[in-house]
Amino acid sequence: RNVTGVQTCALPISDVPGDGHIPLITNLQSWWCMIDVFRTTGPTVVVGLDTIFVSDLEPLFQLAEECPENVFYMINAFKRNVKWADGIQVWNGDYKWLFNEFNPDIDIPKYDWIQHRTSNLLRKRGVIIKAVQDELSGVYSYKHHCKNGLPNDARIILFHGTPRPDDVMHIDWVKKNWAINEIGNKRSEEHTSELQSHSFISYAVFCLKKKKITIQYSQYYYAI
């Protein structure tokens, strides 16, 4: 709904082999499952699936296409004691080393969050980390910016922690922008319940290739 002038297709990442799937290699739970997204090269946008898009996403994709190879975009975290968050990540180049050098026995005990590992290793490699919010207007936190309603210039609303979108479906703008599936119909109660039953966090990966966007999903997906 929020992607215009491009062709899109869904290509799930999952632990089920078969045509049209990119197999998970690590198959980790919680936020560590996102380590698999770094297998993707080229102009790439990664967003958490507990994210609501309310406006045109073209500027976000343009940011990826124009991103220098030595620049990596992350969210300037909304918490005072945290610098970077991974609700949105944007890069253009080859960052497979973030995946290839991952050692779960060392990295998971060492880092509380995967974004801490990502930002730490990027800095060590001399990669410049920039904030998505500095380049793209309309990026807000539901917790911090939407208590009195949807901001007029909102483009992307990030849900981090709780509540998640399904928890606040009584709010009109959330229901309008969230409860729609990939063919434009409301999600069934059964489907919503199934998604809510999974405690891990999932991510969508947009791979931009000559105006064709391949949408890769970790585990489960919602409509874009």
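## Largest pocket

Strand β6 (84–93) and helix α4 each supply at least two residues of the lining of the largest pocket; helices (H or I, at least four residues) and strands (E, at least two) are DSSP runs, numbered from the N terminus. The most is given by β6, with 3 residues. This is a predicted model, in which local features need pLDDT of at least 70, side-chain atom pairs count only at pLDDT 80 or more, and totals for chains, interfaces and linings use all residues. Residues are numbered from 1 along each chain as its sequence is written, and side-chain values use heavy atoms, with hydrogens and water left out.

The largest pocket holds about 570 Å³ of space. Its lining has 24 residues, and Asp86, Trp113, Gln115, His160 and Gly161 are the closest to the pocket centre. By type, the lining residues are 11 nonpolar, 8 polar and 5 charged (Ala, Val, Leu, Ile, Met, Phe, Trp, Tyr, Cys and Pro count as nonpolar, Asp, Glu, Lys and Arg as charged, and the others, Gly among them, as polar). A pocket is an open set of points on a 1 Å grid over the protein atoms alone, where a 1.4 Å probe fits, with protein on both sides within 12 Å along at least five of seven lines; lining residues have an atom within 4 Å of a point. Grid points are joined across faces, edges and corners, and the volume is the space filled by probe spheres set on the points.

## Strands β3 and β6

Strand β6 also pairs with β3, in the antiparallel sense and over 6 bridges (two strands pair if DSSP finds at least two bridges between them). Within this pairing, Thr44 stands opposite Trp91 in β6.

Buried means under 20% relative accessible area, exposed over 50%, and partly exposed in between (1.4 Å probe, protein chains only).

## His116 in helix α4

His116 lies in helix α4 and is partly exposed, at 27% relative accessibility. Leaving aside neighbours within four places in sequence, His116 is in contact with Val82 and Tyr111 (contact means heavy atoms within 4.5 Å). His116 and Val82 are 34 residues apart in sequence, with a C-alpha to C-alpha separation of 8.9 Å.

## Salt bridges

There are 3 salt bridges in the structure, each a side-chain nitrogen of Lys or Arg within 4 Å of a carboxyl oxygen of Asp or Glu. Asp107 is joined to Arg117, with the closest N and O atoms 3.0 Å apart. This pair links distant parts of the chain, from Asp107 in helix α3 to Arg117 in helix α4, 10 residues apart. Asp107 is buried, with a relative accessible area of 9%, and Arg117 is buried too, at 0%.

Glu101 and Arg125 form another salt bridge through their side chains (2.3 Å, N to O). This pair also links distant parts of the chain: Glu101 is in the loop between α2 (97–100) and α3 (104–110), and Arg125 is in the loop between α4 (114–124) and β7 (128–131), 24 residues apart. Both are partly exposed, Glu101 with a relative accessible area of 42% and Arg125 with 45%. The side chains of Arg39 and Asp36 also meet in a salt bridge, at 2.8 Å from N to O. Here Asp36 is buried, with a relative accessible area of 3%, whereas Arg39 is partly exposed at 22%.
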